[in-house]
Amino acid sequence: MDVSPSLLERYDRPVPRYTSYPTAPHFHAGVDAAHYRRWLAALPESETVSLYLHVPFCAEMCWYCGCHTKVAVRYAPIADYAATLKREIALVAGIIGRRAPVGRIHWGGGTPTQLAPDDFLDLMTVLRAHFDVRPHAEIAVEADPRTLDDARIRALAEAGVNRASLGVQDLNDRVQKAINRIQPFPRVAAAVEGLRGAGIGAVNMDLMYGLPYQTEADVRRTVDLVASLHPDRLAVFGYAHVPWMKTHQKMIREDALPGGLVRLRQARAAAEALAAHGYRPIGLDHFARPDDSLARAFDDGRLKRNFQGYTDDGAAILIGFGTSAIGQFPQGYVQNAVPFHAYDEAIAAGRLAVRRGVALAPEDRLRRAIIERLMCDMQADLAQLARAHGFPEDAFAAETAALAPMVADGLAEIAGSVVRITEAGRFFMRTVAAVFDGYLGTGRGRHSRAV
Ligand SMILES: C[S@@+](CC[C@H](N)C(=O)[O-])C[C@H]1O[C@@H](n2cnc3c(N)ncnc32)[C@H](O)[C@@H]1O
Ligand code: SF4
C-alpha cells in the first residue's frame with residue numbers, strides 16, 4: 001500500500017521513540033541519588049542484572065548525531081573519564097554490597113572504542129572484580145569502523161566482548177560528505193573481517209534513512225553492500241532532526257533533507273531490500289537473521305524494548321554508568337547527570353551522580369506494558385494486561401475509541417480487546433503506541449517525527 005500525503009500529514013506527528021515509559025523528558029529531579037541508593041540496596045539477592053556503560057567521546061562529530069557525545073582531540077579527558085567510571089563502578093557495587101551476577105554488559109556512546117585498548121581492558125577487569133560477570137554473559141560494544149584498528153579489536157576480544165555494533169549509516173559519497181562522516185565500504189568490510197577474525201562473531205550494523213541528499217536508491221545500495229558482509233542484525237534508524245537540542249545538526253541543510261513521503265519510501269526500501277537478503281523485520285527499526293536470538297525472542301513473545309532499542313535481555317534491572325546513563329529498576333528509572341562536570345564532581349566526591357528519574361505508579365506500569373507489547377509484538381491485549389496489573393478490563397475504553405481513525409486508515413485493527421498494528425502501520429507504530437501514553441501533551445519534551 002502506498003501512503004497518501006494526507007495520511008502522512010495526519011500521522012507523521014512528533015512522538016517519542018518509547019525506549020522507556022515514562023519517556024526521558026518526564027524524568028524529574030524529585031527522583032535523585034537518595035532513591036538510587038535505596039533501589040541499589042534493595043536489589044534482590046542472586047538477581048541477574050545488566051550493565052550499561054556510556055562513553056561520551058568521538059574522534060569527529062557526525063552532523064546528524066543525536067547521541068550524548070563530544071569530540072575529544074586529546075586523550076587526557078578520555079583517560080580521566082575512564083578513571084571516573086572505575087570509581088563509579090566501585091561506588092555502586094559497594095552500595096549493592098556483594099558481587100551481583102551480570103548477564104549482559106553494553107558499552108554505548110559516543111564511541112566506546114575511543115578508549116585506549118589498555119583502558120578498556122582495565123575497565124573490564126574492574127567490572128569483573130566488582131560484579132560476577134557470568135561465563136556466557138553477552139558483552140556488546142558500539143564501535144566506529146573508522147577508528148576500529150587491530151589493537152582495539154584485540155583488546156575487545158581479550159576483554160571478552162562477543163558482540164559489536166558498527167555505525168555505518170549510508171555508503172554514498174554525497175551523503176557521507178553532507179553528514180561529515182567519510183567511511184568507504186572497504187573500511188566497514190575490514191572492520192567486520194577484523195572482528196570475526198578475532199572471534200567476535202556477532203556483528204550488528206546501524207543504517208540510517210532521511211539523511212541529507214539521500215535517495216531511495218542510496219538506501220538500497222547501502223543495504224545491498226552491507227548485506228554482503230552478513231551482519232546478524234541491523235538497525236535502520238530514521239534521522240531525527242532536532243537542531244534545537246543538538247546544535248551541530250544546524251550544519252545539515254534543511255532543504256537537503258528528504259520530506260515525509262520520501263522518508264517513508266526509504267524506510268520501506270530498506271525493509272524490502274533486507275527481506276530480499278533474508279532478514280526478518282523486528283519491531284519498528286530492527287532486522288535480524290531468522291536464526292538470530294532477537295528473531296527467536298520475537299517469535300516467543302520475549303522481545304523487549306530498552307534504551308538500546310530492541311533486545312532479548314530479560315533482566316528487570318539495568319545499572320547505568322557514566323554521564324547521562326540511564327538505569328532501570330522495578331521501582332523506576334534513574335539518570336546520571338548529563339553535564340560532564342556535574343557527573344565528574346559527584347563521583348570524585350564519592351557521591352552517586354543521579355540527578356533525575358521517575359518512580360513508577362501502578363498506572364505507569366500498565367501503560368508501559370501496553371506500549372512495550374505494541375512496539376515489540378505489534379499487538380497488545382488490553383483487557384488481559386489491565387487484569388494482570390489489577391485494573392478493570394475496560395480501563396482503556398477512551399484510548400480504544402481514539403484508535404478509530406487509525407483503524408479506518410488501515411494502520412491498526414481491533415478484535416475484542418486486542419489491538420493489532422497492521423503491516424501498513426508498522427512505520428507508524430509509535431503513533432499507535434502514543435495513544436496509550438498518559439503523559440503526552442503534558443508539556444514536557446519535543447520529539448522527532450514519527451516516520
Ligand atoms: C553511538 S552511535 C554508534 C557507534 C559509533 N559512535 C558510530 O557512530 O559508529 C549510535 C547510532 O545512533 C544512530 N543515530 C545517531 N544520531 C541519530 C539521529 N539523530 N537520528 C537517528 N539515529 C541516530 C546512528 O545510526 C548511530 O550509529
Ligand atoms: S554517530 Fe557515533 S561517531 Fe558519529 S558523532 Fe554520534 S556517537 Fe560519534
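Let's start with two helices. The axes of α2 and α3 come within 7 Å of each other and cross at roughly 55°. That makes α2 oblique to α3. Angles under 35 degrees count as roughly parallel, over 145 as roughly antiparallel, 65 to 115 as roughly perpendicular, and the rest as oblique. The axes are lines fitted to C-alpha atoms, for helices over the stretch in contact, and the angles run from 0 to 180 degrees between N-to-C directions.

Who makes this contact? Arg37, Leu40 and Ala41 come from α2, and Val92, Ile95 and Ile96 come from α3. Contact here means C-beta atoms, placed from the backbone, within 7 Å. By class, that is 5 nonpolar, no polar and 1 charged. Ala, Val, Leu, Ile, Met, Phe, Trp, Tyr, Cys and Pro count as nonpolar, Asp, Glu, Lys and Arg as charged, and the others, Gly among them, as polar.

A word on the model. It is predicted: local features need pLDDT of at least 70, side-chain atom pairs count only at pLDDT 80 or more, and totals for chains, interfaces and linings use all residues. Residues are numbered from 1 along each chain as its sequence is written, while chains are lettered from A and ligands numbered from 1 in the order in which they are written. Helices (H or I, at least four residues) and strands (E, at least two) are DSSP runs, numbered from the N terminus.

Back to α3. It also packs with helix α4, residues 117-130, at an angle of about 5° and with the axes 10 Å apart. That makes α3 roughly parallel to α4. On the α3 side we have Ala79, Ala82, Leu85, Lys86, Ile89, Ala90 and Ala93. On the α4 side, we have Asp119, Leu123, Val126, Leu127 and His130.

One more residue from α4: Asp122. Asp122 is partly exposed, with 18 other C-beta atoms within 10 Å. The cut-offs: buried means 20 or more other C-beta atoms within 10 Å of the residue's own, exposed means 12 or fewer, partly exposed is in between, and C-beta atoms are placed from the backbone. Asp122 and Gln214 are 92 residues apart in sequence and 41 Å apart in space, C-alpha to C-alpha.

Next, helix α11, residues 340-348. Which of its residues are buried? Tyr343, Asp344, Ala346 and Ile347. Seen down the axis, these buried residues fall within an arc of 165°, so they line one face of α11. That arc is taken over the directions from the helix axis to the C-beta atoms. What do they pack against? The partners are α3, residues 76-96, and β15, residues 332-336. After α11 comes Gly350, with a positive phi near 75°.

Now the ligands. Ligand 1 is surrounded by 18 residues. The closest are Gly66, Asp144, Gly167, Asp206 and Phe237. Near, for a residue, means that its C-beta atom, placed from the backbone, lies within 6 Å of the molecule or strand. Strands β4 (101-109), β6 (163-169) and β7 (202-209) each supply at least two residues of this shell. Its classes are 8 nonpolar, 7 polar and 3 charged.

Around ligand 2 we find Cys58, Met61, Cys62, Cys65, Cys67, Thr69, Gly109, Gly110, Thr111, Asp144 and Gly167. That shell has 5 nonpolar, 5 polar and 1 charged residues.

Most residues other than glycine have a negative phi, and most peptide bonds are trans. Here are some exceptions. Gly109 and Gly110 are joined by a cis peptide bond, omega about 20°. Gly110 lies in the loop between β4 and α4. The bond from Tyr21 to Pro22 is cis too, with omega near -5°. Pro22 sits in the loop between α1 (5-11) and α2 (33-41).

Then phi. Ser46 is not a glycine, yet its phi is positive, about 70°. Ser46 is in the loop between α2 and β1 (49-55). Is Ser46 buried or exposed? Exposed, because Ser46 has 9 C-beta neighbours inside 10 Å. Gln169 also has a positive phi, near 75°. Gln169 is in strand β6. Gln169 is buried, with 22 other C-beta atoms within 10 Å.

That's the tour. Questions are welcome.

Methods
Two residues are in contact if their C-beta atoms, placed from the backbone, lie within 7 Å.
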